[in-house]
Amino acid sequence: MHLFDAHHDSGYPHPNGPTTFAEWSETGQSSCENWMLVHHARGTRLTLTYPTWRPEGDSHPPMVPLTVSVDDHTAIPGTFDAVSLCRSGAWVPSWCDDQFTQLLHAFPGQAHPLPGARWTHPRPDPLPQARNYAAIRAELIATLHTATEPARQPGPERQSLYEEARAACQEPDILQTALEKVAEIQTASHQRQEQTTAALATPKPAPLTSPATPRTNPHDASPHTPRHPHTPAGEPEHKPRL
């Protein structure tokens with residue numbers, strides 16, 4: 001097994017998780033951070049190649065032996081039986097999606113996408129949402145600053161309000177409530193951003209076609225009957241001569 005990645009995916013110690021391969025073997029649960037341990041348990045020889053921009057490797061050593069090297073842009077000797085190409089969307093910014101697409105198209109073999117793993121390119125740009133969060137944070141900071149800053153010549157009443165507001169911001173419970181409010185605003189903003197993105201991506205429905213109907217007065221509730229010309233009383237009707 002030869003892994004080309006910026007992470008070894010061979011187990012990382014956690015306070016509430018396994019710290020050694022022996023502890024991991026008791027449960028055998030695999031995830032994106034320890035799937036290489038499954039191959040080691042089956043007796044597979046593991047090789048890892050770090051990218052050029054990360055020659056120091058991971059901050060935590062792997063739980064099993066690995067043959068580690070750094071990419072030197074030369075061909076890897078040997079023949080591979082199969083190649084699995086994947087991308088961690090949470091770790092790769094959307095503006096690098098085109099690079100992954102180029103890598104996929106450069107593969108010389110026959111590509112078979114996994115079911116349910118459709119590659120969509122490009123993804124929505126997260127920068128507008130990040131700017132929205134920054135604007136919310138700046139507005140909250142300005143509001144708190146205005147509420148806790150006394151006037152240049154504060155009177156006794158304003159000075160008292162200032163001291164109360166300042167003391168309230170130092171209380172853990174009130175501070176926790178403020179942080180929860182910030183999280184609530186951010187969640188609502190994120191939902192609005194998703195709804196706007198989905199609405200913009202939804203195509204407009206085609207207009208319905210129906211036979212033309214005469215326009216009627218919406219305020220007239222009486223049944224519409226054909227109108228006949230009015231003949232004034234006392235005047236004979238003009239009839240054609242026979």
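Reply: Let's start with His 73, which is exposed, because its relative accessibility of 67% is over the 50% cut-off. Keep in mind as we go that this is a predicted model. You can find His 73 in the loop between strand S3 (67–70) and H3. His 73 is not a glycine, yet its phi is positive, at about 65 degrees. That is worth a second look, because most residues other than glycine have a negative phi.

Asp 9 sits in the loop between S1 and H1. Is Asp 9 buried or exposed? With a relative accessibility of 10%, Asp 9 counts as buried, whereas His 73 counts as exposed.

What does Ser 10 touch? Leaving out residues up to four places away in sequence, its contacts are Glu 33, Asn 34, Met 36, Leu 37, Pro 62, Met 63, Val 64 and Leu 66.

Several of those names come back in the largest nonpolar core. This core has 10 residues: Leu 3, Trp 24, Met 36, Leu 37, Leu 46, Leu 48, Tyr 50, Met 63, Val 64 and Leu 66. Helix H2 (35–41) and S2 are the elements that give two or more residues to it.

Met 1 lies in the segment before S1, and Met 1 is partly exposed, because its relative accessible area of 37% falls between the 20% and 50% cut-offs. Beyond four places in sequence, Met 1 is in contact with Trp 35, Met 36, His 39, Thr 44, Arg 45, Leu 46 and Thr 47. Although Met 1 and His 39 are 38 residues apart along the chain, their C-alpha atoms are separated by 7.8 Å.

Next, turn to the largest pocket, which holds about 2,500 Å³ of space. It is lined by 47 residues, and those closest to its centre are Phe 4, Ser 84, Leu 85, Cys 86 and Arg 87. Which element gives the largest share of the lining? H3 does, with 4 residues. Strand S1 (2–4), strand S2 (47–50) and helix H3 (97–105) each supply at least two lining residues. By type, the lining divides into 29 nonpolar, 11 polar and 7 charged residues.

Finally, step back to the whole protein chain. It has 6 helices and 3 strands, in the order β-α-α-β-β-α-α-α-α along the sequence. Among contacts with a separation of 6 or more, 58% join residues 24 or more positions apart. The accessible surface comes to about 20,500 Å², and carbon and sulfur atoms account for 58% of that surface.

Notes:
Residues numbered from 1 in each chain as written. Predicted model: local features only at pLDDT ≥ 70, side-chain atom pairs only at ≥ 80, totals over all residues. Heavy atoms only, no water. 1 Å grid on protein atoms, 1.4 Å probe; cavity = no way out; pocket = protein on both sides within 12 Å on 5 of 7 lines; lining within 4 Å. Points joined across faces, edges and corners; volume = space filled by probe spheres on them. Nonpolar A, V, L, I, M, F, W, Y, C, P; charged D, E, K, R; others polar. Contact = heavy atoms within 4.5 Å. Core = buried A, V, L, I, M, F, W, Y, C linked by side-chain atoms within 4.5 Å. Buried < 20%, exposed > 50% of the residue type's maximum accessible area, 1.4 Å probe, protein only. Areas by Shrake-Rupley, 256 points an atom, 1.4 Å probe, with all protein chains shown as cover.
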